[in-house]
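Let's take a friendly walk through this structure, one stop at a time. Have the sequence and the 3D view open as you read.

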Amino acid sequence: MEGRKREKNKKKLHIIYSTSHGRFAFAHFSATTSKPVSPSPPPLVAAEDLSVMSDLERADPYGVLLYYKYASVPDLDELVSFYELNCNSLGLLGRVRLAPHGVNVTVGGKLSALEEHIDAVKSNAMFEGTDFKLASCNQPLNDKVAKDCGFTSLSVRIVEELVTFSSHPLVRSPDISFAGRHLSALEFHSVLQSAGKLLDEDSPTSSESLVLLDARNLYETRIGKFHTQGVETLDPQIRQYSDLHDWIDDNSERLQGKCILMYCTGGIRCEMASAYIKGKGPGFENVYQLYGGIQRYLEQFPDGGFFKGKNFVFDHRISVGSSNANVISTCLLCSCPFDDYSARCRCASCRMLVLVCDSCRVEGSIYTCELCQKHGKCGLSTSVTENCQLEVLPHEIDSKTLSSDGQEKTTGFGTSSKLRILCLHGFRQNASSFKGRTASLAKKLRNIVELVFVDAPHELCFIFQPSVLDVHSESLTEHRGPPPKEKCNKKFAWLVPPDFSAGSEADWKAADGPFDPLQYQQQTGGFDSSLAYLKSMYLRDGPFDGILGFSQGAAMAALVCAHKDNLKGGMDFRFAILCSGFAVKLAEFERGSINCPSLHIFGSDHGRDRQIPNKASADLAEYFENGSRVVIQHEGGHIIPTRSPHIDEVKNFLQRFL
């Protein structure tokens, strides 16, 4: 009896690949190549990290949390408020992306704070079944790397897609409900192990129908990937995830009729890509994906298992390796083994990360990645963020002005054929956050426009809720108080209440009540100083072809257009783009009297914009000449839509001025 119990406990769940039917069958047998650990291991801490941890860090260690969830979001604005309040109160930094169909989060902070955040998120039924990937690590020590990865501040943004699967505006995102079947790390490992065993048994067809598909970018696959003898690993070698759509279309013949095992860092990219492959029809049914991605696999198999090298991650850790990770990549210049991206060297042409070892790296050098070398491209060096958006260096342009392509107007490249558009952010935003929110728009219009972002002149105080009511206990829970100011980005406004006092407005201030959705109606002061500020900025960084405003920025841009006749010689725009705008201080102007070609973009009567009503934006449009105004209404929230057909209408409007 005891022998039977021991035999039963030895058995592990694995998958046998059946060559006769091209399908997977499930059986129980023990693994032999790598020893899995418990399914829910504690957060991992690298050995080298332990040696440099201070006593304080040991007492309250730092960590990084990753999770995503595809689900219908009933109220995006409410979810934004939750993440901003919760993450700020817990001191969490990183990226939160919210869309109508789900969330994607990568944040860092004290492990205790991250665990509190997880508990708060779990209280929302929408997140049932979410895989929270939590790992211990050192606090960011390299400010350059932390900033490059977005880990020096908290960024909460509403986007149209959690991950952009295709850059083509007419391509619809695949239905996530058709995503490939999830395989646990143990099941995924067993498939690869079974394929190798059958190959050892001299079965020529044992693994010919099984392929591994890496859904990551080239700079990730350079330093680590799965490798199993006899199983083909397809590396698309793409610069960005949105290129994978075209690669799949171009390589359909290599995938059709195969059993496809997909993997990525944490799983979210496989959801979209596997659904697209399965949607191709007959011959593309057998698509599987590694649940929890490489991160969960390495937790299950600390020795690396079938994964060779290091797992690239989008935070200050840069990469995470197994206990015996080998260096599988080489220096771009000397071909010596090297896999450290901490220097953040980039291709001068496409701005993709490249590997240049310490011996070959020289400050000011120009590097060209292997893809650009293949296509005969070269370019100038730049400093960019992880998502390939240019960040203007302090010595190039004043810190209050940011450009979507990072170039000053006097860079020696000659006159640009692109339209230069001055962008005004909304109330309680700044140039950097607005640039982030319009990243998709800048990408879709990158061939015809350059967006230039500027901070408004009126600095606002920081607002926090002093206490939170627990509706279950009917008691007040103690609030942690505001986080340190140095961890918060400054907020600005173009228009302020008439009694606004600048004095100590940069300090923290307790909210005196719930959010008032009609507060924009009271913000009628500060126009003259904002106008004078824009004039000086225009003289310094102009000229500009057009002006774009969002929410309060649109109200300010409309006022600039209304005073256009008085500004000739000091500030002049050929057109205006007003997004989710409203009218302020326009009572002295007749409807239809503002003579400036204008594009008005706002939510429809049945849309989800709960900030600015449809009627307010439609009323603003009425002040512009009827023959020269264009109106685009969308069903989204408080956003600038960038999907078809709306982006096509935006392009058609801009084409008039090229």
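Start with two helices, α4 (residues 76-90) and α5 (residues 111-122), whose axes come within 10 Å and cross at roughly 155 degrees. Helices here are DSSP runs of H or I with at least four residues, strands are runs of E with at least two, and both are numbered from the N terminus. The axes are lines fitted to C-alpha atoms, for helices over the stretch in contact, with angles that run from 0 to 180 degrees between N-to-C directions. The crossing angle makes α4 roughly antiparallel to α5; angles over 145 degrees count as roughly antiparallel, under 35 as roughly parallel, 65 to 115 as roughly perpendicular and the rest as oblique. The crossing of α4 and α5 is right-handed, that is, the near helix is turned clockwise from the far one by less than a right angle.

Before going on, a word on where these values come from. This is a predicted model, in which local features need pLDDT of at least 70 and side-chain atom pairs count only at pLDDT 80 or more, while totals for chains, interfaces and linings use all residues. Residues are numbered from 1 along each chain as its sequence is written, and side-chain values use heavy atoms, with hydrogens and water left out.

Which residues make the contact between the two helices? From α4 come F82, Y83, N86, C87 and L90, and they meet A113, E116, H117, A120 and V121 of α5. Contact means heavy atoms within 4.5 Å. The residues of this contact divide into seven nonpolar, two polar and one charged. In this grouping Ala, Val, Leu, Ile, Met, Phe, Trp, Tyr, Cys and Pro count as nonpolar, Asp, Glu, Lys and Arg as charged, and the others, Gly among them, as polar.

Now move along to helix α11 (residues 268-278). Ten of its eleven residues are buried, so α11 is largely enclosed by the rest of the structure. Buried means under 20% relative accessible area, exposed over 50%, and partly exposed in between (1.4 Å probe, protein chains only). Among the buried residues of α11 are R269, E271 and Y276.

How many does a search of the whole structure find? The search finds 17, each being a side-chain nitrogen of Lys or Arg within 4 Å of a carboxyl oxygen of Asp or Glu. R269 forms one with E220, and their closest N and O atoms are 2.8 Å apart. E220 lies in helix α8 (residues 218-221) and R269 in helix α11, so this pair ties together parts that are 49 residues apart in sequence. Both E220 and R269 are buried.

Another salt bridge joins the side chains of K280 and D249, at 2.8 Å from N to O. This pair links distant parts of the chain, with K280 in the loop between α11 and β13 (287-290) and D249 in helix α9 (residues 244-250), 31 residues apart. K280 counts as partly exposed at 28% relative accessibility, and D249 counts as partly exposed at 32%.

A further salt bridge connects D339 and K310, with 3.6 Å between the closest N and O atoms. D339 lies in the loop between β15 (319-321) and α13 (370-374) and K310 in strand β14 (residues 307-312), so the pair ties together parts that are 29 residues apart in sequence. D339 is buried at 8% relative accessibility, whereas K310 is partly exposed at 25%. Salt bridges that share partners also join D131, K133, R296 and E299 into one network.

Next, look at the backbone. The peptide bond from G542 to P543 is cis, with omega near 0 degrees, and P543 is found in the loop between α16 (527-541) and β25 (546-550). The peptide bond from S644 to P645 is also cis, with omega near 5 degrees. I318, in the loop between β14 and β15, has a positive phi near 70 degrees although it is a residue other than glycine.

Our last stop is L567, in the loop between α17 (552-562) and β26 (575-579). L567 is buried, with a relative accessible area of 4%. Not counting residues up to four places away in sequence, L567 touches L531, K535 and V560. L567 and K535 are 32 residues apart in sequence and 8.6 Å apart in space, C-alpha to C-alpha.
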